[in-house]
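Subject: Structure handover

Hello,

The structure is below, followed by notes on what was found in it.

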Amino acid sequence: MTIKRIHSGKRISRVVIHNGIAYLAGILALQKRGAPVAEQTRDILAMIDRLLAEAGTDKTRLLTATIWLADIRTAEEMNEVWDEWIPDGCAPARATIEGRPTQAGHAVKIAATAAID
């Protein structure tokens, strides 16, 4: 089976495609570091939209999402942005957990998988 990598480096690929599934690495708000959770979430979701498009799919085809929050008490703030972004009837299987960020100033990280037609 063919494996395609998008935005691939020595340590990480932003997207790996295999067997009709796009696997997105954990995405951080690179331009919004230190910003409020809602702003970081919007930035991440916009990046996810772009990466899914490059992979030949979109958010209506999401299968799973894992969301890490530096502070789980900000879940509702993140959920408000998520709920605006995800179309009705297209919610993926999702987990939201608290976890320390890899770098200071990052409050949200999201990884996802999506089906490709």
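For relative accessible area, buried means under 20%, exposed over 50%, and partly exposed in between (1.4 Å probe, protein chains only). Lys 32 is partly exposed at 30%. This is a predicted model, in which local features need pLDDT of at least 70 and side-chain atom pairs count only at pLDDT 80 or more, while totals for chains, interfaces and linings use all residues. Residues are numbered from 1 along each chain as its sequence is written, and side-chain values use heavy atoms, with hydrogens and water left out.

Salt bridges: a side-chain nitrogen of Lys or Arg must be within 4 Å of a carboxyl oxygen of Asp or Glu. The count by this rule is three.

- Lys 32 pairs with Glu 39, with the closest N and O atoms 3.4 Å apart; Glu 39 is partly exposed at 33%.
- Asp 117 pairs with Arg 61 at 2.6 Å, N to O. Asp 117 lies in the segment after strand 6 (108-115) and Arg 61 in the loop between helix 1 and strand 4 (62-69), so the bridge ties together parts 56 residues apart in sequence. Helices (H or I, at least four residues) and strands (E, at least two) are DSSP runs, numbered from the N terminus. Asp 117 is exposed at 81%, whereas Arg 61 is partly exposed at 30%.
- Asp 71 pairs with Arg 73 at 2.8 Å, N to O; Asp 71 is partly exposed at 22% and Arg 73 is exposed at 74%.

Thr 41, in helix 1 (residues 37-55), is buried at 0% relative accessible area. Contact means heavy atoms within 4.5 Å; leaving out residues up to four places away in sequence, Thr 41 touches Met 78, Val 81 and Val 108.

Regards
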